[in-house]
Amino acid sequence: MQKQYKTEAYKQLKETRTQIVIPLILLTVTSYFSFIWVIAFNPDFFGLKIFQTKISIGILLGFLLILLIFVITLIYVYLVNKKLEPLIKKIQKNV
Amino acid sequence: MYRLIALSGLLFSNLSFASNADKSEQNIVAIIMFVLFVGITLLITYWASKKTNSAKSFYTAGGGITGLQNGLAISGDFMSAASFLGISGLVYLSGFDGLIYSIGFLIGWPIILLLIAEPLRNLGKYSFSDVVSFRLKQKPIRILAACGSLSTVILYLIAQMVGAGKLIEILFGLPYYSAVIIVGGLMISYVTFGGMLATTWVQIIKAVLLLSGATMIAFLVLYQFQFNFDNFFSQAVNVHAKGEEIMAPGGLISDPVSAISLGLALMFGTAGLPHILMRFFTVSDAVEARKSVVYATGFIGYFYILTFIIGFGAIVLVSNNPEYLNDSGALIGNNNMAAIHLSHAVGGDILLGFISAVAFATILAVVSGLTLAGASAISHDLYANAFLKGKNNEKMEMKVSRIATIFLGVLAISLGIIFEEQNVAFMVGLAFAIAATTNFPILILSIYWENLTTRGVVIGGSAGLFIVILLVILGPVVWVDIFNNNEAIFPYKYPALFSMIVTFIGIWLFSKTDKTKNSTAEKKLFEAQYFRSQTGVGIDKPNAY
């Protein structure tokens, strides 16, 4: 029973998962808290207009952040399906 | 089933009463749409009731829901009437600030996906406390997790019920009491008879209706501006009393502590909402769990973009149209009616009827999901695992879960009536704060931290729960606005930053210093638990339907 925790595939699974999760978590947390940070400390910056339009930087960045959040979930699932799923399948088969 | 039929009878008589009330000509579409929705959902409930014959089917719809279906159901749980009408109303009132909430509600999803969804599916059976108690002592952990779940669910329910009563009062001309009773009665029938299967399908149908309705309104608004956003926003700035200010952050967040604290509550609160977490047990495995989050995030993000356009659309097309304003120049009803009035402005009586019916359907679906999560905390966590220590029989557990559903339904109706005149807006905030302070830390640490012990969870978790409630009571929202004191004892509106620190430090300290025999055993079990959480080896197969 103890042996299954020591296999090469499981070790690789844990390592690869960390490599995928950590950068994406950092991206999520920093982008969100920078957004909140600007709102708390420099709200006027978000009121600036883009080029000649009436659209403010805050609104544009807000929309882009919503898009980024979705893209993060897409990237994660893409990477997990490609890199982790084969390892998981392999481990499941060997048990 | 008889109760179901009696109930729909009551509903029809009430609605026909509504059509006789003063403001109802335009509501005929709404009433037809609504009756159709109720009819179809009751049929689904009848169908589901025949398949709901085991605890597993009651709590998880048999575990065979697909990723797309679950994604829709999850987004349905999130797209409540409060967030549809509330956020578009907030945008109508102050523009940009509405976006802060939308993004806050959305940002929790990558966290759920990256850290929680798969381990949760791999370790749990019916509720998130299955995961927390996987290697810890059942009784104390179940009781704590159930307290966290129930307080989140009940606060959320009160806010939804009061909102529902008021909204239906305005939309259909029904008296507040009957509105609350109808919502409560329908919710009890969906959940008691149809369990998770009915609750999920009600949620899916409503999500599709709400997404289509909101898309329609936003499309018709933008169509009037030939999809020229610059033109659209310029108009809004010209019309709005606050002018340019609506394009920038306003007064929602004024100091950095509040900013971080609100941010934490929204981000991690989402990851601790029991009715959302419960949905991950309705899919067959971790692969589908992942898919559901991607779909849900996409739908919810798209929905928030729509509510933002709808809020601005209401500024341009509703705020200067006397048809929608009362004598003092404010919106008829209140600011939360912005989206409803806008639907009439761009789509006439038919769209208004459709949106009103969808708003009602939304409330029904959301309260059903909440009630089911609350009932499972009572029957699965408290009754079956804390008091009978898992030695119960399944028939009895299902009976208890149905009694718990009826109990929670009646409680929700009563509290809805008691809190009619109260400002309940803070309750959703408090629910998120509790979820972020208690449910999220104990869940995440139980999955990832080897040294966690029962003692740490119990002391840290309950200290956090106590502190967060205390800080809300002593803070500006309750102490000043509700108890009418001059100054708040705790100066911040959002307590999550402080209470989360208490929980994490409490858990860390009392786990680290735990030298009991029991704690050594719990740490030893971590390796096996982590293996299962990562690989899914050993999980149940879904029921074949």
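The buried residues of helix α10 in chain B pack against α9 (176-224) and α13 of chain B. In this predicted model, the buried residues in α10(B) include B:F232, B:F233 and B:A236. They lie on the same side of α10(B), because they cover an arc of only 90° around the axis. An α-helix has 3.6 residues a turn, so residues three or four places apart point the same way.

**Chain B overall**

- Chain B contains 21 helices and zero strands.
- Its radius of gyration is 23 Å, close to the 24 Å that the globule rule gives for 545 residues, so chain B is as compact as a globular protein of that length.
- Taken along the principal axes, the C-alpha atoms of chain B fill a box of roughly 75 × 55 × 45 Å.
- Of the 545 residues in chain B, 62% are buried.
- When contacts in chain B between residues at least 6 apart in sequence are considered, 84% of them join residues at least 24 apart.

**The nonpolar core**

- The largest nonpolar core has 225 residues.
- Helix α14 (residues 338-387) of chain B supplies the largest share of this core, 30 residues.
- The residues with the most contacts inside the core are B:V183, B:L342, B:L364, B:V367 and B:A436.
- Leaving out residues up to four places away in sequence, B:L364 touches B:V183, B:L186, B:M187 and B:V202.

**The contact between chains A and B**

- Chain B gives 41 residues to the contact, and chain A gives 41 residues.
- On the side of chain B that touches chain A, the elements that give two or more residues are α6 (97-123), α10 (229-239), α11 (256-270), α13 and α21 (526-535) of chain B.
- The largest share of that side, 10 residues, comes from α6(B).
- The residues on the side of chain B that touches chain A divide into 28 nonpolar, eight polar and five charged.

**B:D285**

- B:D285 sits in the loop between α12 (274-277) and α13 (286-317) of chain B.
- This residue is partly exposed, with 18 other C-beta atoms within 10 Å; a buried residue would have 20 or more.
- Apart from its neighbours within four places in sequence, B:D285 is in contact with B:R121, B:G536 and B:I539.
- B:D285 and B:T503 are 218 residues apart in sequence, and their C-alpha atoms are 31 Å apart in space.

Conventions. Residues numbered from 1 in each chain as written. Chains lettered and ligands numbered in written order. Predicted model: local features only at pLDDT ≥ 70, side-chain atom pairs only at ≥ 80, totals over all residues. Helix = DSSP H or I, 4+ residues; strand = E, 2+ residues; numbered from the N terminus. Buried ≥ 20, exposed ≤ 12 C-beta atoms within 10 Å, placed from the backbone. Contact = placed C-beta atoms within 7 Å. Core = buried A, V, L, I, M, F, W, Y, C linked by C-beta atoms within 7 Å. Nonpolar A, V, L, I, M, F, W, Y, C, P; charged D, E, K, R; others polar. Arc of directions from axis to C-beta. Rg over C-alpha atoms; globule rule 2.2 N^0.38 Å.
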